[in-house]
Amino acid sequence: MTAFSDVAGPLQTWVLPALLGLGLASATGLRTFLPLLMLALAARFGLFGIDLNDRMAWLADWPAIAALAVAAAVEFTGDKIPVVDHALNVLGAFTRPIAGAIAAASVFAGVDPMTAAIAGLIVGAPTAFAFNAAQGGARLTSTATTGGIGNPILSFIEDVLSFLMVVLAFLAPVLVPILMIVLAVVVFRLARRMRSRLDTRDGAIQADPARPS
């Protein structure tokens, strides 16, 4: 019994929060506010056993939830509009690592706020930045390939991936590393497919002058 308690303590305090934080941070790499909104709602209604660090309990307050809901709706809509989506992606390079750090720090409920903040920075910020960089590469390739026409479709795919990543992290945090690999592969393949189309198009343009008129 004592041995189980010795294992359960670090598992509940560090391992599961770290895995959940990784899942949330990877989702914030694609969407800044949606994962935070989902986390706030889960904590507010006691879903999935989510507990927040005392210093981050404000996330579950109604004013914060309302602000996150508005911000998520604006991001969702704006990311479907040409030019606006590019501005959001540039801004996301700064906001999404911050959101990832906040989300990750919030779920370290069993430690003091300073330790939780440090853990959030270590777990959340680099993860969110990496996924945002991958998303930015896919978006730039989509813009070059389709002239921006394909960006709304890509944006919707990112919405779905971000949502599913959060839900799956809530349900099975131990599977988060596998889910992160799957998500990274999906984003990478989207970028590679668009890059292939761009290369094909460029090759056709270069070969066109050699064709008989």
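Modeller: Phenylalanine 156 lies in helix 6; helices here are DSSP runs of H or I, at least four residues, numbered from the N terminus. This is a predicted model, where local features need pLDDT of at least 70, side-chain atom pairs count only at pLDDT 80 or more, and totals for chains, interfaces and linings use all residues. Residues are numbered from 1 along each chain as its sequence is written, and side-chain values use heavy atoms, leaving out hydrogens and water.

Phenylalanine 156 counts as partly exposed because its relative accessibility is 48%. Buried means under 20% relative accessible area, exposed over 50%, and partly exposed in between, with a 1.4 Å probe and protein chains only.

Phe156 belongs to a nonpolar surface patch of about 1,100 Å². Phe45, Trp62 and Leu171 are among the other members. Patch residues have over 30% relative accessible area and no salt bridge, and nonpolar side chains are joined within 5 Å. A salt bridge puts a side-chain nitrogen of Lys or Arg within 4 Å of a carboxyl oxygen of Asp or Glu. The areas come from the Shrake-Rupley method with a 1.4 Å probe. Helix 3 and helix 6 each give two or more residues to the patch. Helix 6 gives the most, with 6 residues.

Now look inside. The largest nonpolar core has 32 residues. Such a core is a set of buried Ala, Val, Leu, Ile, Met, Phe, Trp, Tyr and Cys residues joined through side-chain atoms within 4.5 Å. Helix 6 (151-171) supplies at least two residues of this core. Helix 2 gives the most, with 7 residues.

Technical notes: Patches are made of residues with over 30% relative accessible area and no salt bridge: like charges are joined within 9 Å, nonpolar side chains (Val, Leu, Ile, Met, Phe, Trp, Tyr) within 5 Å.
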